[in-house]
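Keep the sequence beside the coordinates as you read.

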Amino acid sequence: MSAGSGDRRRSLFRPCIDLHDGQVKQIVGASLKDEGPGPTTNFVADKGAGAFADMYRQDGLTGGHVIKLGKGNEAAAREALAAWPNGLHIGGGVTADNAAAWIDAGAEKVIVTSWLFDDGVFSEERCRSLVRLVGRERIVLDLSCRRRADRDGWFVTINRWQTTTDLELTQETLTRLAAFCSEFLVHAADVEGLCQGIDGELVKRLGEWSPIPCTYAGGAKSIADLQLVDELSEGKVDLTFGSALDIFGGTGVKYRECVAHNHQVRGP
């Protein structure tokens with residue numbers, strides 16, 4: 001059965017390349033801070049971003065995300081895009097000033113979050129300006145989120161998950177924002193990098209609420225989580241594995257199993 005045929009769509013594995021200080025790393029999302037000690041690092045690769053991107057290209061994995069976590073990652077990001085042109089999405093510091101340049105550098109789509117907030121308030125005008133520049137089909141909105149102690153639900157985080165905004169993830173929010181992008185990327189920042197399980201309630205809601213393709217990341221620890229995401233979202237949400245993946249030093253998930261899953265779902 002392909003991802004778009006049969007009884008219903010099935011969830012796919014989406015690969016990632018997280019860049020920090022110019023290296024491919026897996027880190028605990030909640031530990032990213034501008035001040036104080038550096039982030040808690042689960043893995044540092046001994047090969048460059050281009051090597052991972054080329055592996056994804058050879059295995060036919062599309063729609064993966066390259067995330068620049070802070071400064072010093074430009075060269076590594078360009079290396080990845082050159083290795084898998086028009087096969088990866090790029091995020092981290094994307095604005096109207098550089099979005100077109102990243103598309104020209106080989107990105108299939110740009111992933112945008114923090115720039116869309118003006119003094120912490122979501123700006124639809126900034127969304128519109130980006131659509132005018134690169135087109136809706138080239139834009140992914142990163143709606144990474146946290147739960148808040150004072151209110152139920154999930155709220156979008158910006159500035160590398162350090163700042164929690166008042167923009168709540170709801171069906172109304174996702175429907176409104178879908179006019180400005182072709183996909184959503186949602187990191188569950190509370191569980192990102194911990195390998196302690198996904199936020200199943202969030203995955204279920206994303207499957208119910210999102211009118212466009214959506215990828216979830218955060219906490220996935222075994223290949224069974226891919227089936228769980230498929231069941232909870234009825235195949236409407238894709239899944240990214242990070243620290244649990246063997247290519248990133250993990251023991252919970254074999255990369256080759258993820259590739260095999262996608263090939264089975266999509267067909268030859």
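**Sheet, helices and salt bridges**

D190 is partly exposed, with a relative accessible area of 36%. The model is predicted: local features need pLDDT of at least 70, side-chain atom pairs count only at pLDDT 80 or more, and totals for chains, interfaces and linings use all residues. Residues are numbered from 1 along each chain as its sequence is written, and side-chain values use heavy atoms, with hydrogens and water left out.

A salt bridge here is a side-chain nitrogen of Lys or Arg within 4 Å of a carboxyl oxygen of Asp or Glu. R146 lies in strand 10 (residues 145-147) and D190 in the loop between strand 13 and helix 6, so the pair ties together parts that are 44 residues apart in sequence. R146 is buried, at a relative accessible area of 15%.

D199 and R147 meet through their side chains at 3.3 Å, N to O. D199 counts as buried because its relative accessibility is 13%. R147 is partly exposed at 38%.

Now turn to the sheet. Strands (E, at least two residues) and helices (H or I, at least four) are DSSP runs, numbered from the N terminus. Two strands pair if DSSP finds at least two bridges between them. The sheet is open and has 10 strands, in the order 3-2-1-4-5-6-9-13-14-15, with mixed pairing. Strand 3 (41-44) and strand 15 (237-240) are the edges, each pairing on one side only. From one strand to the next, the twist averages 30°. Axes behind such angles are lines fitted to C-alpha atoms, for helices over the stretch in contact, and angles run from 0 to 180 degrees between N-to-C directions.

Follow the sheet towards strand 15. Strand 13 pairs with strand 14 in the parallel sense over 4 bridges. Strand 14 (residues 214-217) pairs with strand 15, also parallel, over 4 bridges. V186 has Y216 in strand 14 as its bridge partner. Y216 in turn has L239 in strand 15.

Are the faces of strand 14 covered or open? Both are covered. C214 and Y216 on one side, and T215 and A217 on the other, are all buried.

Strand 14, helix 7 (residues 224-233) and strand 15 form a right-handed β-α-β unit. Right-handed means that, with the strands pointing away from the viewer, the path from the first strand over the helix to the second runs clockwise.

Finally, return to the charges. The count comes to 23 salt bridges. Among them, E124 pairs with R176 at 2.7 Å between the closest N and O atoms. E124 is in helix 4 (residues 124-134) and R176 in helix 5 (residues 171-177), 52 residues apart. R9, R14, K109, E183 and D238 are linked in a network of salt bridges.

Notes: Buried < 20%, exposed > 50% of the residue type's maximum accessible area, 1.4 Å probe, protein only.
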